[in-house]
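Please take me through the model below, one element at a time. I would like the geometry with the cut-offs behind it.

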Amino acid sequence: MKKTQRLTQFLAISALLLSVQTAQAQTAYVSNEKDDTLSVINLDTYEVTATIDVGQRPRGIILSKDQSKLYICASDSDTVQVMDLSTHQIIKELPSGEDPEQFALHPNDRHLYIANEDDALATIVDTQTSEVLAQIDVGVEPEGMAVSPDGKIAVNTSETTNMVHWIDTETMQLVDNTLVDQRPRHVEFSKDSKVLWASSEIGGNVSIIDVASRQITHKVTFKIRGVHPDKIQPVGIKLSDDGQYAFVALGPANHIAVIDTKTFKVLEYILVGRRVWHMAFNADQSLLLTTNGISGDVTVVDVAKMKAIKSIKVGRYPWGIVVKSQ
Amino acid sequence: MNNYIGWPGTYLLRYLLSGLLFFMHSAHAQLDVDIAYIKLQQEHRPVLSNILPEPKDAGLRGAELALQDSNTTGRFLKQTFHLRTDISDNPEETLTQIQFRYEQGIRLFVFDLPADTLKTASTWLAKASLNTGTTDDVLIFNTQAKENALRVNQCIDNVLHTIPSRAMLADALAQWLTEKRLNKWLLIKGSTEADHAYAQSMQRAAKRFGNKIVAQKQWSFDTDLRRLAQKEMPLFTQTEEYDVVVVADELGDFGEYVLYNTWYPRPVVGTQGLTPVAWHRVVEQWGAAQLQSRFEKLTGRWMDSKDYASWLAVRSIAEAVTRTNTADTNTLKQYIISDKFELAGFKGRKLNFRTWNGQLRQPIPLVHPRSLVSQSPQAGFLHPSSELDTLGFDAPESQCRLAKRF
């Protein structure tokens, strides 16, 4: 008797869960660098619903435009894996060059721009034909990668060379370099493709670069009470679609900074997990999710309240994060 | 002196050419930067534990990797770095090599030399450069000599130290011991000058951080510890009770046999056991994994402290050249010692030089052969300007006033 009761209960709950899932729950995918896995988080329940084995040392992850595929930099497998998100199966491996770390997808939804950290190269791959279109010499330890929303320029940062390298996407050639402060990690274009944000981890600041002149126009610095300035190490950057805010992950300072994109003033510091690395918005940008490398979790930040509301345990060294909106 | 008189010809010719480029200063002018790497290969006396000898090319390969890194950067700025390497096993010959490089017009030196040769060579270079009557002079990086005196009272002009002093290493270890409340130490040392210096640094550190040395002993037995460690060591370490055994045995003559053989079952730290180092293969955080893998790809071996110190020396020069777009030694010196200079050294903080004695500020990893245990400065050891200055000699403790002489 009891058994059947439990069973019905179980079925009811399962059905409920299923219906929640079919009611378009948003899903976050997180790459766990030291576990060689992805954690899948249901953003209605804030629970990890699956952990999927992938290639070695997964770091950068990115969604295809239609959100049906996930590209994964499997750094130590020296490949970019393509996962079908309806089945969670790896359907393809792209030639990425050695040690792919971060990458960016061109607005044409076809060309992947990949930073090869060990080889001082940037590799451009056609995701449809799996063809390597170009390999471009860049500085030592290429890291950050971004393609402008208008598709004209790709930029790459090199951590030891301390430069932002500008690549013409049409000719696929390096056209210019801008020197920034120590260990540039991440780059992000404004929506109008006119401004580039570049974080310098050891320099402790974010350079605001005018895309037309490729000159630094402003440097954003940070100050948090009780945190030594050397521990403020900006890494990931996210710009809100409304053009109002920039969010910068400050690494071992365990905070993210919220910056007014008009005045470049820091409005707020939000305490998150330990060694915060990268971030992703949910669909309507009401939530911002952060990966925290050392504490091995994801912090959910309520953007309107500018407050952390939840932390979700994932694998070891969570690195990249994306949100699938349905 | 003959050598010195001979220089103006070559010097002039060289600088007529490169001087033209310097003055153009435009981002598109090709800039060539020559760095001399001078190594005196020393004979080590035989030691009991001879299992893992220091690689013969320790130091040099670090400089080579830095050169490679810097040239990758340099090609975007039309800056090319060249390393002129001289290795000898004879101090006299080393001095001749240095003089020859100076006469060739080289003003940037990386010295992998013991303290006495370093002092002689630096003095010679300082004199030579003074005698030229120009403002041009030399910049030297010390990548080997850990002597505290070089940072305290035997101050030498034009020298920056990328290798930590013994005091820095000792303080790094002592902070960790203090934090762990391992306050009572048995200090045992070997018989070499280096061992005494290491032991002295540990004594200084004990005092600084309020620890107590319950006994101090010197190892002088002639027994073959490979066979008799289990018998000899417990007796040797039978003293008043201690929390930890601190070993000062830089060459590894007896220290390797102390572990697991102490009278009381206590941890072993110092030159063996838990060891403070400038660098080690187990350092992987803060992007260090990338540096380690680049080094292994280049050399097929692990990167050690001397390799790291040489890497830092060449990278310091290159970083200054990148930012100032000149190869003028004086401009580079001023820049490197200024607060604008910052170097990313894979230790989680920007590194720069102490203006008083030219010592590079840097966190010190505490390692055992297979893992990183901690990195000093430890949290809570405070300093008004930089916590890194809790390691080694702070300005009031040093008579050196390097910045004023730069």
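**Helix pairs, domains and strands**

Reader: Is the crossing of H4(B) and H5(B) left-handed or right-handed?
Author: This is a predicted model, in which local features need pLDDT of at least 70, side-chain atom pairs count only at pLDDT 80 or more, and totals for chains, interfaces and linings use all residues. Residues are numbered from 1 along each chain as its sequence is written, while chains are lettered from A and ligands numbered from 1 in the order in which they are written. A crossing is left-handed if the near helix is turned anticlockwise from the far one by less than a right angle, and right-handed if clockwise. On that rule the crossing of H4(B) and H5(B) is right-handed.

Reader: How far apart are the axes of helix H4 and helix H5 of chain B?
Author: Helices (H or I, at least four residues) and strands (E, at least two) are DSSP runs, numbered from the N terminus. Axes are lines fitted to C-alpha atoms, for helices over the stretch in contact, and angles run from 0 to 180 degrees between N-to-C directions. For H4 (residues 91-103) and H5 (residues 115-131) of chain B the packing angle is about 30 degrees, and the distance between the axes is 10 Å.

Reader: What does that angle make H4(B) relative to H5(B)?
Author: Angles under 35 degrees count as roughly parallel, over 145 as roughly antiparallel, 65 to 115 as roughly perpendicular and the rest as oblique. The angle of about 30 degrees therefore makes H4(B), relative to H5(B), roughly parallel.

Reader: How many nonpolar residues are in the contact of H4(B) with H5(B)?
Author: Two residues are in contact if their C-beta atoms, placed from the backbone, lie within 7 Å. Residues of H4(B) including B:Leu95, B:Ile98 and B:Tyr102 meet residues of H5(B), among them B:Ala121, B:Trp124 and B:Leu125. Ala, Val, Leu, Ile, Met, Phe, Trp, Tyr, Cys and Pro count as nonpolar, Asp, Glu, Lys and Arg as charged, and the others, Gly among them, as polar. The contact of H4(B) with H5(B) has no charged and 4 polar residues, and its nonpolar count is 8.

Reader: Why do H7(B) and H8(B) take the class they do, and which is it?
Author: Helix H7 (residues 166-179) and helix H8 (residues 193-208) of chain B have axes 8 Å apart, at an angle of about 45 degrees. Their crossing is right-handed. H7(B) and H8(B) are therefore classed as oblique.

Reader: How many charged residues are in the contact of H7(B) with H8(B)?
Author: Among the residues that meet are B:Arg166 and B:Asp171 in H7(B), and B:Arg204 and B:Arg208 in H8(B). By class the contact has 8 nonpolar and 1 polar residues, and the charged number 4.

Reader: Which strand gives the most to the side of domain 1 of chain B that touches domain 2 of chain B?
Author: An automatic or database domain assignment sets the bounds; for chain B it gives domain 1 (2-164 + 280-405) and domain 2 (167-275). The C-alpha centres of these two domains of chain B lie 31 Å apart, and 21 residues of domain 1 are in contact with 21 residues of domain 2. On the domain 1 side, strands S13 (364-368) and S14 (371-376) of chain B each supply at least two residues. The most, 4 residues, comes from S13(B).

Reader: Which residue in the hairpin of S10(A) and S11(A) takes a positive phi?
Author: Strand S10 (residues 121-126) of chain A is joined to S11(A) by 6 bridges and runs antiparallel. The bridge partner of A:Thr123 in S11(A) is A:Gln135. The hairpin has 4 residues between the strands, and a positive phi near 60 degrees is taken by A:Ser130.

Reader: Which residue in the turn between S17(A) and S18(A) has a positive phi?
Author: Strands S17 (residues 195-200) and S18 (residues 205-210) of chain A pair in the antiparallel sense over 6 bridges, with A:Ser199 opposite A:Val206. They form a hairpin with 4 residues between them, and the turn residue with a positive phi of about 75 degrees is A:Gly204.

Note on methods:
Pairing = 2+ DSSP bridges.
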